[in-house]
Amino acid sequence: MQSLQAKASEWSGVDAADAFSIDATNLFQKLGLQTFINLSTNFYNRVYDDEDEWFRSIFANSKKEDAIQNQYEFFVQRMGGPPLYSQRRGHPALIARHRPFPVTHQAAERWLHHMQQALDSTPDIDADSKIKMMNFFRHTAFFLVAGDELKKNQIQQTPCKAGSSNHQTCKNF
């Protein structure tokens, strides 16, 4: 069985070495907290204004301010800064935290579209950092898609309890 990382590399077109090149540079020190806040604010303004209802609906149960804070704290922590996200929310556990949402190929591409636009319109991020960040984001988005598909496959393959006579319940468990 192919690993989630391998699927993420295949589907994203970004190999793991490029995806994790963010670890070679402390982007938090290089860019600073305010840049991550600006990026996340720019991103979520685009997401919440998306023209497609199917995409906006993914975020309907989240307050935009909370989404912005969660994202920039995660980015800061993942890109060399203090563990802001973990201090407030615990381990990031990206697949588990995204489990309630439809993390499809289409949703990942739409998310990445908005992130690319947000990166392009955030002037405090240099070109090299944008490339490194986008490689990480693209790989991570498809890592989440792979995790979502694994979850769906596990649900479909859940065996029935011994002695159960309700086949419909077993299939939908």
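**Close-up views of a predicted model**

**View 1. Helix 4 packs against helix 9.** Helix 4 (residues 33-48) and helix 9 (residues 105-120) meet at an angle of about 135 degrees, and their axes lie 9 Å apart. Helices here are DSSP runs (H or I, at least four residues), numbered from the N terminus. Axes are lines fitted to C-alpha atoms over the stretch in contact, with angles from 0 to 180 degrees between N-to-C directions. The crossing is right-handed, meaning that the near helix is turned clockwise from the far one by less than a right angle. Helix 4 contributes L39, N42, F43, R46 and V47 to the contact, while helix 9 brings W111, H114, M115, Q117, A118 and L119 (contact means heavy atoms within 4.5 Å).

This is a predicted model, in which local features need pLDDT of at least 70 and side-chain atom pairs count only at pLDDT 80 or more, whereas totals for chains, interfaces and linings use all residues. Residues are numbered from 1 along each chain as its sequence is written, and side-chain values use heavy atoms, leaving out hydrogens and water.

**View 2. F137 and its partners.** Setting aside residues up to four places away in sequence, F137 touches F75, M79, W111, L112, M115 and L119.

**View 3. G81 in a loop.** Look for G81 between helix 6 and helix 7 (84-89). With 19% relative accessibility, G81 counts as buried (under 20% relative accessible area, 1.4 Å probe, protein chains only). Its C-alpha atom is 8.1 Å from that of L27, 54 residues apart along the chain. Beyond neighbours within four places in sequence, G81 is in contact with F28 and V76.

How values were computed
Helices (H or I, at least four residues) and strands (E, at least two) are DSSP runs, numbered from the N terminus. Buried means under 20% relative accessible area, exposed over 50%, partly exposed in between (1.4 Å probe, protein chains only).
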